[in-house]
Amino acid sequence: MAEKVHCTIDGRTVEPRRGQTILQVADELGIYIPRYCYHPGLSIAGNCRICLVSVEKAPKPQIACYTQVQEGMTVWTHNEAAQKARRGVLEFLLVNHPLDCPVCDQAGECWLQDYYMQFGLYTSRLREDKIKKAKAKVLGPAVILDAERCILCTRCVRFCNEIAGTHELEVFQMGAHEELGTYPGVELKNPYSGCVVDICPVGALTDRDFRFKARVWYLSEQKSVCPGCATGCNIRVHFNQKRTHHALGKRVMRLKPRYNPHVNDWWMCDEGRYGYRWIDEGRLLVPQKRRDGTYVDLDWDQALSDVASGLRAVMDKHGPSSVAVLPSPQQTNEALYLVRRLFAEHLGVRHVDFWIPPATQGYHDDFLIKADKNPNSAGARLLGLFPRDGSPAAEEFLLNHGPLKALYVFRHDLLGRYGEEALRPLLGNLELLVYQGTNRNATSRRADYVLPSAAYMEEHGTFVNFKGRVQRLFQCLEPLAQSLPDWKILVRLAVLLGLELGHSGQEEIFLDMAREIPALDGLDYAALGDQGVESDFSGIPLWPKTVNRQRSNVSREQPAHLPRVTNDE
Amino acid sequence: MEKILTRNWGKESSHTLEVYLRDGGYEALRKALREFEPRALIDEIKKSNLRGRGGAGFPMGQKMSFVPRGTGKPVYLCVNADESEPGTFKDRYILERDPHMMIEGALIACYAIGAQQVYVYIRGEFRQQARILDGAIREAYQGGFLGRNILGNGFDLDMYWHTGAGAYICGEETGLLESLEGKKAWPRLRPPFPAVAGLYNFPTLIHNVETLACLPHIVARGGEWFAKLGVEKNGGTKIYGLSGHVREPGLYELPMGIKLRELIYQHGGGIRGGRQLKGVIPGGASCPILRAEEIDVEMDFDALQKIGSMFGTGCPVVMDETTCMVEAAYSVAKFFAHESCGQCTPCREGAEWIRKIMHRILNAQGRPDDVDHMLDLCDNIQGKTICALGDAAAMAARGFLRKFRDEFEFHVRHGRCELS
């Protein structure tokens with residue numbers, strides 16, 4: 001237990017830990033001290049001076065972000081001296097800052113605007129010309145700089161030095177002519193470069209992908225989890241529902257990292273940040289069937305009854321070993337659980353594998369980016385959706401011409417991955433190829449039936465990240481066009497195949513799953529909250545071998561070809 | 001009066017080891033190593049009432065006692081030879097005329113604090129002085145005063161010099177450390193102070209050239225003797241650098257606490273052309289200006305502080321009745337705006353804003369509220385910055401505005417100077 005000190009902040013007696021700063025203690029008390037350069041994830045620069053507060057017996061105001069509480073200290077955060085200091089700093093910051101908020105992309109989420117309204121409200125005393133600096137200067141693929149709007153807080157510089165470790169940015173020149181910039185011949189091009197826009201408190205650094213596409217006050221926000229890799233960075237989805245005509249019908253406008261100290265702190269990578277376009281582009285919109293080389297639309301009843309009878313026919317003729325199912329580690333646990341229930345347990349399909357190895361190993365680093373570009377490989381493993389008891393892996397039974405007659409593919413682009421040539425023997429042998437997924441791809445264009453799924457932002461659900469953290473996705477948007485969440489499709493398909501699952505929502509499915517999977521024991525959506533729960537993966541408890549809806553001994557099998565799930569990291 | 005710091009200056013080749021040794025050079029070092037324990041040496045220096053000659057006037061002995069001992073970490077001494085204060089030109093002469101006195105002082109300081117490396121940080125423009133110092137350091141190595149086992153006493157010390165690139169901020173002690181470490185000279189947040197975590201995060205003492213040059217004499221003749229040369233709490237002599245509208249500008253070694261009037265009129269020969277004195281900046285541009293009627297003040301840290309100014313580097317800039325104080329203030333404001341490192345907001349934006357307002361006034365576009373506005377901006381800068389240079393910019397401007405408010409107001413009202 002850290003040593004406590006006794007001090008008073010704004011007349012409230014507190015006992016913070018020695019070493020805490022005034023700003024940290026004030027935050028805990030709910031006393032808001034303004035800050036620009038201070039960011040909890042970065043070193044303390046103390047340069048903006050907006051957090052000056054009065055400390056009794058100190059000869060001058062102290063910066064709350066750096067000054068540590070001392071025994072007997074008395075702090076006033078909003079007395080006259082502190083307010084004057086704060087207003088003075090704000091006025092200085094605005095001296096050379098353009099006052100053209102209506103044309104600034106940051107308007108509405110600008111800390112200069114906010115603090116002016118909260119702490120400023122003075123009449124301008126500036127009669128002089130403002131200093132001209134670079135406008136719309138491209139710093140790198142993701143970020144653009146308006147040097148006139150920059151308040152030189154160095155958050156971005158510190159981010160590149162301390163978090164990305166890439167050192168592209170620096171403040172050049174001196175005094176009022178200082179400008180942020182990249183070192184000569186260097187671009188702001190690191191895997192996390194978009195984060196500098198998040199932490200820029202003003203309109204200096206803006207996102208080339210987002211800027212001038214929407215006014216932020218028209219955006220709605222919902223929490224989610226990035227599906228870009230096995231880390232599962234917590235994100236906020238910003239989408240446009242209030243002014244749809246502003247964005248030509250595009251709904252998702254940008255992704256922002258959401259603080260989670262167990263996963264991603266305040267950060268996310270550019271790959272994840274800008275990997276949202278598929279939500280609104282190239283989607284499968286209606287159920288379809290292939291007839292005479294073209295696709296015709298079906299309604300859901302027709303499509304599902306066709307698929308059910310097709311499956312039934314193959315099973316009756318060739319037996320369950322002629323059917324293979326490829327669930328996807330892009331799917332939620334809720335969907336995967338129903339895949340398991342319907343195909344593995346009810347229909348007795350043995351060829352089940354979620355893992356299609358990528359052609360090349362994905363980019364990865366020692367920070368947030370994982371080589372496994374799937375958000376839920378761990379969940380699929382947890383649910384045992386891989387071949388066991390000597391069954392071949394997916395790649396084996398796809399490429400080595402197993403006696404497959406029906407193939408049910410979720411999301412995987414098999415043709416894109418292996419090519420037409422390699423799969424020709426398989427495809428030539430198939431009597432039924434069903435593709436259930438979100439977007440058009442080479443595989444959907446060869447399928448006999450195409451069933452459009454909702455994307456991760458369009459449904460509730462959970463993913464399990466590489467460390468075994470179970471995290472919730474919240475529904476942001478309605479499923480596009482006629483697409484449906486996987487669980488709804490599976491519940492309806494199951495009925496047609498003689499299995500009454502009876503689920504009417506994702507949480508219900510989760511609760512059933514949690515009752516059966518030791519690693520999820522006792523969890524429900526409320527317990528997961530918006531920060532997730534790290535489940536105990538020691539020994540990798542897998543799906544019970546003998547399924548009887550009762551908890552049973554778990555298998556500890558660890559197939560070598562699958563990505564590892566471990567709590568050790 | 002006996003010349004102490006400047007005793008060798010008139011001699012031929014005064015910068016050489018040979019000349020320095022002729023008059024007992026490095027004997028104080030020998031005495032320090034033989035007769036003093038490091039702690040006793042610091043006590044002796046405390047007795048001398050020697051205060052830092054770089055501008056802040058911190059008691060040297062006290063500063064030395066802040067350096068922790070026996071931490072197992074290396075301890076550094078940095079010599080601040082980044083003399084850049086406008087109107088100040090004393091350290092450059094020490095480096096030119098008698099570099100060994102500074103080297104000997106540095107050796108004594110290192111022995112007292114247990115440092116084994118000295119870095120001399122020299123102002124970028126001081127190329128000649130750096131060359132002279134380089135020669136002196138080589139001579140000192142050859143003479144056995146630097147290097148291993150100095151004077152057979154088992155004391156080791158290496159001395160290196162490094163030039164800046166001409167930025168005023170590098171003279172700020174933590175800016176100096178950053179620059180020395182190869183970074184941009186943005187001053188550090190304190191605490192920790194350099195004595196605890198300085199160069200490369202190790203305990204570091206930073207001293208001005210002139211301050212160190214005093215040490216050999218304190219060791220040779222005793223702290224009390226040195227203290228008696230000056231006045232209360234301000235020991236020793238001082239190299240005053242007199243510039244501006246005096247008949248005989250130059251460097252004068254005189255006791256601490258001498259009257260400013262005496263310095264100007266007796267030693268500096270009075271105002272040129274028999275004109276009247278109008279104002280004096282007592283110790284470099286950072287110090288608030290004094291009006292002619294205030295020059296009966298003693299030139300020491302406490303007396304000047306008492307009347308709202310500062311002793312600074314002890315180098316007064318004298319201005320006669322032909323000086324436009326708005327122009328003088330503008331020139332000082334321009335300096336501080338130009339030399340603001342730009343790290344923290346109040347100094348970066350405030351110094352430039354004040355410069356712009358003064359520029360506007362000089363261009364006959366002054367407004368009635370400009371003076372009060374600038375005074376308020378000074379309030380918003382002073383005491384709110386990371387380092388003392390923000391304070392300096394504010395205090396200098398406030399000095400002109402308060403003491404010569406009438407001239408600013410004349411400019412504002414008439415769009416011209418009352419002198420024109």
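User: Does α14(B) pass α15(B) in a left-handed or a right-handed crossing?
Analyst: This is a predicted model, in which local features need pLDDT of at least 70 and side-chain atom pairs count only at pLDDT 80 or more, while totals for chains, interfaces and linings use all residues. Residues are numbered from 1 along each chain as its sequence is written, with chains lettered from A and ligands numbered from 1 in the order written. Where α14(B) passes α15(B), both helices being DSSP runs of H or I with at least four residues, the crossing (judged by whether the near helix is turned anticlockwise from the far one by less than a right angle) is left-handed.

User: How are α14(B) and α15(B) oriented to each other?
Analyst: The axes of α14(B) and α15(B), which come within 10 Å, cross at roughly 165°. Angles over 145 degrees count as roughly antiparallel, and therefore α14(B) and α15(B) are roughly antiparallel.

User: Which helix gives the most to the side of chain B that touches chain A?
Analyst: In chain B, 25 residues are in contact (C-beta atoms, placed from the backbone, within 7 Å) with 23 residues of chain A. With 11 residues, the helix that gives the most is α14(B).

Technical notes: Two residues are in contact if their C-beta atoms, placed from the backbone, lie within 7 Å. Helices (H or I, at least four residues) and strands (E, at least two) are DSSP runs, numbered from the N terminus. Axes are lines fitted to C-alpha atoms, for helices over the stretch in contact, and angles run from 0 to 180 degrees between N-to-C directions. Angles under 35 degrees count as roughly parallel, over 145 as roughly antiparallel, 65 to 115 as roughly perpendicular and the rest as oblique.
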